[in-house]
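Me: I would like to learn how to read the features of a structural model one by one. Could we begin with the way strands pair?

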Amino acid sequence: MTETDLLIIGAGPYGLATASYVKRLGLDCLVVGDPMSFWRDHMPSGMLLRSPTSWHLDAVGELTFEKFVGEQGLTPEGVSPITLSLYLEYCRWFQERSGIAVQRNFVQNLRWTEGIPAPFTAILDDGSEIRARRVLSATGLTHYQNIPEDVASLLPGDKFAHTCDYVDFAGLKGKRCAIVGGRQSAFEWAALVSEAAGAEVHVIYRHDTPAFTESDWDWIDELMDRTRESPGWFKRLPIEERDNIYQRLWGEGRLKLEPWLHPRIQGGNVHLRPNTVISDSRMIGDGTVALSLSNGELAEVDQVILATGYRVELEREPYLRDPTIVESLNVEGGCPVLDDQFQSSISGLYFTGQTATRDFGPFFGFGIGCPPAAWVIGNALNR
């Protein structure tokens, strides 16, 4: 049986960021997972990131994205907006420079025995076990697809898929597609489907069309600095102040679309259906789905893609099913309740990234939260 002081479950941006910092602090650490698998396997190859080039993974600000592109002979301005492929190259570079070895297994179950020096036992997919003193869950969004029941109940089960499960558009060559959702991912999938497959795309959403204008993320920098200096400040804010932050981030991230998307959906293939929902559907003899829309129109399509985002529901995390964990883990609104160091109600069990948004703020659903989360968690572990 392998033993470690810290087991990090997940090798995405938050897992790699924390592993890098705890290694710098001289702590024993083992990362289990498939590096950047969600980004690599559940996002389309032609995707562009919304994040600025100033966002990176390094808690000490050395192995930054801008340093990486500089070593490639590139400039931040020249690589913006950032392609998915370039971001994946940066993450590989960061992992190598940080000396992070990732064990390519998956945790199938996690057990906790209170009162012993290494209370956590992780059972892996190959049957082996890892004993750990502390555990950090950094599993990302893989299991948190939001599939609204009111939409799914209207559609044939074999004719719809969430965006994270529909990233290869070859099968849509010359066909017709409906995308349900009206935020960044919906419009970007529409552009990519149209460009890659030449398909006719109907984008169906229940609100006005967001503005195609550049988002302002600069104001979040101060809040990330505040997290380093005073961890847990967000959850101590009055509800009104927290709501104001949520609304401001919503305004930047949801009420705006990146301007580089606008010209890409102007061709005749993409049809926008604002202030509209699917009211019914039926199958036509040739395998086509006929969608009845609330505006009275009918859209005949071959595939429906749900660009309906993600919602944390911790009970959907497959390795968190053992009674020793489930019965002792305090969860509210689908998220674990965390202390000021990202630690849950189970001593030694930490959560980061999207699962930390309840207590640390919505920005931890974005890459900008990687360095401050790594900083706070690493220093807490070091103490």
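Reply: Let us begin with a pair of strands: four bridges join strand β14 (residues 289-293) to β15, and the two run antiparallel. Within that pairing, L291 has A299 in β15 as its bridge partner. Please keep in mind throughout that this is a predicted model.

Me: Which strands form the open sheet, and in what order?

Reply: The open sheet is formed by three strands in the order β13-β14-β15, with antiparallel pairing. The edges are taken by β13 (278-283) and β15 (298-301), each of which has a single partner strand, so one side of each is left without a neighbour in the sheet. From one strand to the next, the twist averages 25 degrees.

Me: How many bridges join β13 to β14, and how many residues lie between them in the hairpin?

Reply: Five bridges join β13 to β14, again in an antiparallel arrangement, and M283 stands opposite V289 in β14. The two strands form a hairpin with five residues between them, and in the turn G287 has a positive phi of about 90 degrees.

Me: Turning to helices, how should I check the span of α4 against its number of residues?

Reply: The expected span is 1.5 Å times one less than the number of residues. For the 15 residues of helix α4 (residues 84-98) this gives 21 Å, and because its end C-alpha atoms are 21 Å apart, the two values agree. Helix α8 (residues 239-253), which also has 15 residues, reaches 21 Å from its first C-alpha to its last, close to the 21 Å expected. Just after α4, G99 takes a positive phi of about 70 degrees.

Me: Which residues form the aromatic cluster, and how do I tell a stacked pair from an edge-to-face one?

Reply: The cluster consists of W39, F65, F68, Y87, Y90, W93 and F94. For a pair, one looks at the angle between the ring planes, where under 30 degrees counts as stacked and over 60 as edge-to-face. The structure holds 23 aromatic pairs. One of them, Y166 with F169, is stacked, at 6.4 Å centre to centre and with 20 degrees between the planes. Y166 is buried, with a relative accessible area of 15%, and F169 is buried as well, at 6%. The rings of F342 and F364, by contrast, have centres 5.8 Å apart and planes at 70 degrees, so that pair is edge-to-face. This second pair links distant parts of the chain, since F342 lies in the loop between β18 (335-336) and β19 (349-351) and F364 in the loop between α10 (357-360) and α11 (370-382), 22 residues apart. F342 is buried, with a relative accessible area of 0%, and F364 is likewise buried at 0%.

Me: Which residues have the most contacts inside the largest nonpolar core?

Reply: The largest nonpolar core has 114 residues, and those with the most contacts inside it are L7, Y90, L110, F120, I179, F342 and F363. Apart from it lies another core, of 15 residues, among them V151, A152, I204 and I278. Leaving out residues up to four places away in sequence, I179 touches A186, W189, A190, V201, H202, V203, I204, I305 and A307.

Conventions
Residues are numbered from 1 along each chain as its sequence is written. This is a predicted model: local features need pLDDT of at least 70, side-chain atom pairs count only at pLDDT 80 or more; totals for chains, interfaces and linings use all residues. Side-chain values use heavy atoms; hydrogens and water are left out. A nonpolar core is a set of buried Ala, Val, Leu, Ile, Met, Phe, Trp, Tyr and Cys residues joined through side-chain atoms within 4.5 Å. Buried means under 20% relative accessible area, exposed over 50%, partly exposed in between (1.4 Å probe, protein chains only). Contact means heavy atoms within 4.5 Å. Two strands pair if DSSP finds at least two bridges between them. Axes are lines fitted to C-alpha atoms, for helices over the stretch in contact, and angles run from 0 to 180 degrees between N-to-C directions. Rings of Phe, Tyr and Trp (its six-membered ring) pair if their centres lie within 6.5 Å; planes under 30 degrees apart count as stacked, over 60 as edge-to-face and the rest as tilted.
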